[in-house]
Amino acid sequence: MAEVEVRPDTAIEVPGEAQELALATTSQEVAPPTEKKVKKIIRRKKRPARPQIDPALVKSEPPPQTGTVFNIWYNKWAGGDREDKYLSQTHAKGRCNVALDSGYTRADSRPGSYFCLFFARGICPKGQDCEYLHRLPGIHDIFNPNVDCFGRDKFSDYRDDMGGVGSFTRQNRTIYIGRIHVTDDIEEIVARHFAEWGQIERIRVLNNRGVAFVTYTNEANAQFAKEAMAHQSLDHNEILNVRWATADPNPMAQKREARRIEEQAAEAIRKALPAEFVAEIEGKDPEARKRRKLESSYGLEGYEAPDAVHFARGPNAVNPRGREGYALEHEQRLMIEAGEAQTAEAPAQEQDQPQAGGILSSSTLAALQTAQVAVASKPKATPPSGPLVAYDSDDSD
């Protein structure tokens with residue numbers, strides 16, 4: 001056989017039939033199947049809440065004296081505006097660990113349940129048998145403004161030391177933390193410890209005084225954090241003094257709070273109204289903006305009526321849509337007034353008209369009404385007069 005030398009710069013012509021055969025042979029090859037990516041959804045089973053302390057160590061001791069009068073019905077002291085000074089210097093008996101202690105309890109099957117106060121303090125011995133919730137409050141946990149997240153009744157005013165349950169006259173989301181050990185990284189320490197109890201909106205730290213103000217986005221988280229961090233320690237062996245914060249006198253803070261309340265009200269209105277109507281009002285729908293520009297011009301080129309004129313409603317509204325219903329009400333009111341006038345005139349006409357179907361004809365009754373008939377009246381008999389008129393005897397003789 002002769003050797004054929006193939007150079008890279010030369011081209012080899014292949015007949016058409018051979019080329020088709022080569023394509024057919026290559027097309028018959030089956031590609032290996034590609035591996036499908038399967039996403040595994042791992043569903044974690046709900047775990048029961050664990051007891052935070054041994055139930056055998058729980059002792060029924062009378063509550064410490066924090067007031068002047070002991071109420072045997074509620075088993076607590078009343079009349080005191082400040083906590084005991086000794087207790088404020090004593091470290092808490094336990095601390096809540098949300099990652100390990102939280103879980104389902106009997107309260108999870110009942111909607112509207114409150115949170116466990118002893119769970120927040122880290123001393124609940126019941127675990128899954130507790131009648132209250134063992135978890136952190138969320139944005140969907142909404143309670144009556146007169147009670148806190150633990151079900152305790154609020155008062156009309158704060159205590160003198162800004163402790164206790166709090167007041168229902170103001171939504172307070174800020175807590176005061178005192179007796180903090182002063183260090184260079186005090187702000188980082190406060191943020192790390194208090195972020196365990198919910199989303200924080202703002203932190204303000206006074207480094208020289210060892211004081212911090214923590215504001216949560218949710219009021220229930222602030223209530224939970226106040227009880228969870230009372231008499232606790234941060235990175236050092238200090239004992240914190242946790243209280244409710246007073247109203248911030250800063251005008252910027254007041255404007256910020258008013259703006260937040262307005263945003264909450266606007267969000268509630270957005271959820272209540274249809275999406276198309278909200279988009280038209282806020283100007284997010286381009287078609288609605290074009291339609292609004294045409295409708296609010298009222299035939300005047302280059303004129304666009306303001307919102308107060310365009311959305312006004314009443315019988316004198318410029319927008320025809322604003323007059324819808326009011327013209328009908330005005331006509332109905334006129335018809336009602338005309339009907340009352342007709343009903344008032346009808347009895348008078350009935351009294352003036354003679355009754356038909358009687359013994360006398362209508363012409364005779366009309367003649368009698370126009371005629372003046374004088375009827376002679378009989379003279380009345382004058383009664384006897386004299387001194388012995390009323391005298392009489394029982395005997396007929």
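**A buried helix and its surroundings**

Reply: Helix α6 (residues 219-228) is largely enclosed by the rest of the structure, because 10 of its 10 residues are buried. Here, buried means under 20% relative accessible area, exposed means over 50%, and partly exposed lies in between, with a 1.4 Å probe and protein chains only. Helices (H or I, at least four residues) and strands (E, at least two) are DSSP runs, numbered from the N terminus. The model is predicted, so that local features need pLDDT of at least 70 and side-chain atom pairs count only at pLDDT 80 or more, while totals for chains, interfaces and linings use all residues. Residues are numbered from 1 along each chain as its sequence is written, and side-chain values use heavy atoms, with hydrogens and water left out.

The whole structure contains 19 of them. R173 and E201 form one, with their closest N and O atoms 2.9 Å apart. This pair links distant parts of the chain, since R173 is in the loop between α4 and β3 whereas E201 is in strand β4 (residues 200-206), 28 residues apart. R173 is buried at a relative accessible area of 5%, whereas E201 is partly exposed at 35%. Salt bridges with shared partners join K226 and E227 to R121, D148 and R152 in one network.

Two further pairs may be considered. In the pair of E131 and R106, the closest N and O atoms are 3.2 Å apart. E131 lies in the loop between α4 (117-121) and β3 (174-178) and R106 in the loop between α3 (98-101) and α4, so the pair ties together parts that are 25 residues apart in sequence. Both ends are partly exposed, E131 at 34% and R106 at 43%. R159 and D161 meet at 3.1 Å, N to O; R159 is partly exposed at 26%, whereas D161 is buried at 12%.

Residues 110-137 carry the UniProt annotation "zinc finger region: C3H1-type", from an unreviewed entry; such annotations may be inferred rather than shown by experiment, their positions are given in the numbering used here, and feature names are shortened. Over this stretch the chain is 18% helix and 0% strand, with its end C-alpha atoms 15 Å apart.

For the protein overall, there are 12 helices and six strands, and 25% of the 397 residues count as buried. Among contacts (heavy atoms within 4.5 Å) between residues at least 6 apart in sequence, 57% join residues at least 24 apart.

Conventions. Salt bridge = Lys/Arg side-chain N within 4 Å of Asp/Glu carboxyl O.
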